[in-house]
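Here is a friendly briefing to read alongside the model. Have the structure open as you go through the topics.

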Amino acid sequence: MAVPTYATPLERVWHYAYLVICGLIFFFLIAPIVVIIPLSFNAEPYFTFTDKMRSFDPDGYSMRWYRSLLTFGMQNPDASGWAFWSDAWANAKWVQAAKNSIIIGVASTIVATVLGTLAALGLSRPEMPFRRAIMAILISPMIVPLIITATGMFFFYSNPCELLGIVGLPTNCGRLAGTYLGVILAHATLGIPFVIITVTATLVGFDQSLNRAAASLGANPRTTFFRVTMPLILPGVISGALFAFVTSFDEVVAVLFIAGPDQQTIPRQMWNGIREQISPAILAVATLLVIFSIALLTTVELLRRRSERIRGVTPH
Amino acid sequence: MKTTLILSTALAGMAFAAAAQEVNVVSWGGAYEVSQVEAYNKPFTAQTGIKANMIAADDPATPLKAQVEAGNVTGDVFDLAMADAIRLCDEGALMEFDPADLPAGADGTPAAEDFVDGSLTDCAVGNIVWGTVIGYDKSKFQGEAPSTVADFFDTAKFPGKRGLPKSPKRTLYLALIADGVPADQIYDTLATPEGVDRAFAKLDTIKGDVIWWEAGAQPMQLLADGEVVMTTVYNGRIFDAMVGEGKPFDVIWDGQYLEINAFVVPKDAPHPEEAVEYVKFATGTQPLADQAKYIAYGPTRKSSAPLVGTYKDGTTEMAPHMPTQPEHLETAVMDDPEFWADHDAELTDRFTSWLAGS
Amino acid sequence: MANALDPHAAITTTASGLTDGALRTADGKPLARALARSQSLARRRAFLLVLPLLAFILITFVIPIGQMLQRSFYNDGFSANMPQISAWFAENPRGTEPDEAAWAALAADLTASAEARTIGVVGTRINYDVPGTRSLFTSTGRQVRRGIEPPYQAALTEINQDWASPRLWSAMREASTPMTANFYLAAVDRKRAEDGSIQQVEPRQQVYVMLFMRTFWLSLLITGITFVLGFPIAHLLATLPMRKSNLLMILVLLPFWTSLLVRTTSWMVLLQQQGVINDILVWLGVIGGGQRLQMIYNQTGTIIAMTHILLPFMILPLYSVMRTINPSYVRAARSLGATSWTAFRRVYFPQTLPGLGAGALLVFILAVGYYITPALVGGSSGQLISNMIAMHMTDTLNWSMAAALAALLLAAVLLLYWVYDRMVGIDNLKLG
């Protein structure tokens with residue numbers, strides 16, 4: 001964006017001032033995320049750059065907080081070799097949290113993606129009745145404040161069959177709160193709007209005549225779906241799935257309300273850590289999560305470009 | 001749908017499989033949790049093979065009440081302040097303990113006589129005696145250091161932010177003491193509307209200077225980060241910061257608030273047998289004494305007292321740091337569990353709206 | 001695969017189906033009916049694709065919220081545990097002085113409730129309406145369990161004088177039916193007086209209206225700040241060549257993809273008194289070591305952290321609208337003699353309004369319901385209404401109150417959602 005040749009001197013000054021302002025805003029956006037990375041290697045238990053860190057003295061840096069992520073909760077952190085790692089795998093709190101986050105994240109993503117993609121296909125058909133109203137309901141988990149969703153789920157998941165009493169059925173069928181299934185269903189609910197949004201967006205550019213062409217060439221609906229539709233909308237489905245996964249991976253309010261002691265996830269563990277003691281160990285987790293989100297962001301961007309290329313949509 | 005079904009069945013199975021031979025202990029987190037893991041959980045698991053999971057809460061009574069009311073109890077053993085234990089026992093939420101079932105002291109004293117007064121109730125087995133005290137950062141006061149509760153409220157003489165817990169129970173007494181009410185008349189005063197008004201009026205004088213904390217580890221964090229210069233804190237936590245981490249902090253024992261904590265087991269606990277076994281083990285003479293090796297809380301068994309020696313560093317004598325040390329008891333306020341069982345809800349209401357109003 | 005139900009097959013075959021004047025399909029059915037059938041089949045198919053998800057959302061989301069909101073007007077904590085006195089209230093209209101039968105019913109209920117250990121629940125229910133009465137119920141319960149003799153009025157008032165209070169009786173009457181509007185009244189700082197009229201609560205208890213106002217005001221402020229910060233960025237990204245703007249876009253998307261808790265932690269590290277920003281200010285000599293700024297655990301902390309977290313939600317819709325604005329309009333305005341400011345104000349800015357509307361509404365909707373960030377960095381002055389809902393859920397266990405506050409917040413959010421749908425269309429929601 002160059003300054004036009006007809007610009008007055010004042011406009012030139014303003015133009016450069018504008019660039020500086022933009023630079024500052026970018027700095028505001030990114031600095032808080034970047035600053036925690038070096039601090040997580042702090043050799044001291046402080047949140048600021050020590051003198052040694054500023055003079056790039058290797059003594060000012062250490063991996064001790066990363067190590068403490070592993071040892072926290074272990075039975076015998078001083079063991080070595082196999083005993084150390086098997087202890088970490090079985091007992092370290094952050095390792096358990098990571099396992100839970102992945103189990104819950106993957107399962108809820110599968111539920112959200114399968115149901116969400118099917119629904120998006122239906123919603124994109126021109127014949128879909130009550131399209132707008134249904135869309136509004138399906139997107140609402142993203143809009144309704146999480147605390148309201150979580151409290152609603154807290155009661156419902158404690159006794160999911162309570163309402164069956166109205167039609168005279170037994171009202172006690174166990175509970176979902178405090179189980180993996182409960183947290184997975186809750187996270188799937190929260191991830192669904194993202195799948196719907198990304199997949200319907202992909203389907204906007206989808207040429208329905210491709211399906212008809214396939215049908216006219218003798219493909220049955222199943223073949224048409226898997227051989228024609230699916231490959232074209234796949235990038236949208238995958239980025240929707242990634243959104244759903246991140247939603248689950250980052251979610252703490254529903255976990256606070258409905259998860260039991262066995263379903264402590266990484267965000268839940270962070271919530272404890274932040275409220276109790278923000279030792280640089282939390283910054284070490286944060287750094288790992290930032291690296292994780294960079295990887296996800298890259299994947300989504302590559303998918304978006306690929307999708308635009310194969311659908312022939314020019315980037316907007 | 002089919003995948004979902006298979007998946008959910010598999011996961012439900014997993015959740016079920018994980019339910020075997022473990023006990024979920026809900027406690028207060030931080031340094032206190034560490035002491036319990038070392039003194040109770042590790043030897044317990046070694047002896048019985050039952051895995052003990054620690055779950056941190058700001059105050060375990062809060063999740064327990066919610067879990068009981070929602071019919072969704074996930075913890076097995078809860079570490080509660082005695083007032084909450086009595087209240088929940090009154091409401092029929094807790095399992096009862098017969099003192100005869102508890103192991104006798106190491107010296108052979110039956111449990112019923114071995115526990116200090118007030119630490120064994122219908123549903124609760126005491127584990128520690130602890131105090132809420134004022135801690136301050138020595139480096140922030142060059143001249144005279146604060147030494148009384150009144151100094152805590154004197155922001156002109158000792159400028160700087162104060163830390164207080166977001167609960168009426170461990171806040172109102174402090175305001176009354178600072179306002180000149182003797183320690184033994186705190187509850188008589190708090191039982192009257194005028195007394196409550198008086199406490200809030202005193203709190204009003206420093207409201208703008210207070211940072212409120214919720215979890216027990218927060219006040220030490222606030223003090224270490226320089227967010228506050230003085231804060232109330234559980235005495236074991238500041239001991240951990242001073243002795244364990246070598247922070248330049250000191251304790252004001254004046255007007256300490258003395259309480260007993262106890263283990264309880266909710267009636268609907270998912271692992272009731274393991275839970276009872278855990279409580280019996282953890283409140284034995286040796287584990288209670290070991291606990292005091294890691295944090296400065298007094299054991300509730302008389303037979304444990306002689307076994308308390310030095311801190312885990314091997315040199316620091318624990319006795320001067322204990323809340324039960326005679327000279328620390330001179331101006332101490334004793335907890336009145338019955339008063340709080342009755343008044344906690346309404347004082348919390350008042351406290352909350354006072355806090356939210358600006 | 002020429003299928004009679006396929007609309008295309010139907011249309012291509014009608015040309016040969018002209019026999020009796022009406023259009024017919026190849027196999028002789030009237031075209032209008034065949035079309036209608038195929039239409040309704042297509043509708044049904046489309047609907048069947050959506051149905052599993054719709055059912056899923058209804059069960060895991062809509063019903064739970066509805067069930068929770070029911071608590072805001074339904075609370076049987078008193079009526080279920082105090083059946084006799086509730087029956088007395090049902091028989092005797094408001095204004096009736098409690099007679100000995102009423103006192104006897106009360107005493108019997110108190111005894112039964114104390115035995116069943118539900119007296120705490122009963123006291124808690126009345127305590128919501130008359131603060132300070134829970135202990136009256138629990139302590140009286142403890143005494144009547146030891147035995148109580150008629151006349152009951154004298155016996156109960158002897159235990160505690162407060163039993164004669166008209167305010168208490170009025171509250172018990174209110175609670176004797178499970179349906180109540182009192183929690184909604186309380187949520188707007190109102191209460192029912194002894195005569196049943198509605199009045200304001202005492203000034204020291206007026207917190208909810210203030211909290212709602214604060215929530216809306218802070219959300220508005222944050223929306224404003226995100227607009228001021230987001231507009232130049234979106235404009236820059238929209239006018240730069242694609243390659244450069246894609247690169248810079250990463251700086252916007254990275255925070256968007258980074259965990260909320262990570263970003264909140266970062267701000268705690270940056271803003272605290274011994275934190276990076278204060279250190280830099282002291283190092284630069286802007287402030288002395290003793291005057292470190294208090295930027296966290298108050299409203300400032302909430303505003304800064306939430307602005308950072310919500311900024312991408314403003315930039316992305318603005319950017320996608322600005323991308324479509326043709327730069328020749330501004331050039332035309334300039335060539336017609338407009339100053340750059342006039343050209344911006346009269347030509348460029350109006351075209352960005354759809355994006356601005358979308359971004360502002362989205363940021364506002366999300367801000368109004370925020371919970372985690374204010375809870376961690378807000379101190380007491382930076383708490384929003386969501387934090388109050390959470391507190392009633394987990395600390396005071398006044399679930400009816402939490403539900404009433406949630407209902408009001410939900411109503412506000414759904415209204416905004418409806419406006420958003422009208423103005424922007426939910427289909428136009430874009431992510432990344």
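**Briefing on the predicted model**

Buried residues make up 54% of the 358 residues in chain B, where buried means that 20 or more other C-beta atoms, placed from the backbone, lie within 10 Å of the residue's own. This is a predicted model, in which local features need pLDDT of at least 70 and side-chain atom pairs count only at pLDDT 80 or more, while totals for chains, interfaces and linings use all residues. Residues are numbered from 1 along each chain as its sequence is written, and chains are lettered from A in the order in which they are written.

**Chain B as a whole**

- Chain B has 14 helices and 11 strands; these are DSSP runs numbered from the N terminus, with helices (H or I) of at least four residues and strands (E) of at least two.
- The radius of gyration of chain B is 21 Å, close to the 21 Å that the globule rule gives for 358 residues, so chain B is as compact as a globular protein of that length. The radius is taken over C-alpha atoms, and the rule is 2.2 Å times the number of residues to the power 0.38.
- The C-alpha trace of chain B spans about 65 × 55 × 40 Å along its principal axes.
- Of the contacts in chain B with a separation of 6 or more, 74% are accounted for by residues 24 or more positions apart. Two residues are in contact if their C-beta atoms, placed from the backbone, lie within 7 Å.

**Two domains in chain B**

- The domain assignment of chain B gives domain 1 (22–129 + 260–325) and domain 2 (131–258 + 333–356); such bounds come from an automatic or database assignment.
- The centres of domain 1 and domain 2 of chain B, taken over C-alpha atoms, are separated by 25 Å.
- In chain B, 19 residues of domain 1 are in contact with 19 residues of domain 2.
- On the side of domain 1 of chain B that touches domain 2, helix 4 of chain B gives the most, with five residues.
- By class, that side of domain 1 of chain B has 12 nonpolar, four polar and three charged residues. Ala, Val, Leu, Ile, Met, Phe, Trp, Tyr, Cys and Pro count as nonpolar, Asp, Glu, Lys and Arg as charged, and the others, Gly among them, as polar.

**Where chains A and C meet**

- The contact takes 79 residues from chain C and 82 residues from chain A.
- Helix 2 (residues 31–70) of chain C provides the largest share of the chain C side, 19 residues.
- The chain C side divides into 54 nonpolar, 18 polar and seven charged residues.

**Nonpolar cores**

- In the largest nonpolar core, of 285 residues, V264(B) and L405(C) touch the most other members. A nonpolar core is a set of buried Ala, Val, Leu, Ile, Met, Phe, Trp, Tyr and Cys residues joined through C-beta atoms within 7 Å.
- Helix 8 (residues 180–204) of chain A gives the most to this core, with 15 residues.
- Not counting residues up to four places away in sequence, V264(B) touches residues including F78(B), L80(B) and C123(B).

**Features from the record**

- An unreviewed UniProt entry places "domain: ABC transmembrane type-1" at residues 212–420 of chain C; UniProt annotations may be inferred rather than shown by experiment.
- That span of chain C, residues 212–420, is 79% helix and 0% strand, and its end C-alpha atoms lie 21 Å apart.

Methods. Buried ≥ 20, exposed ≤ 12 C-beta atoms within 10 Å, placed from the backbone.
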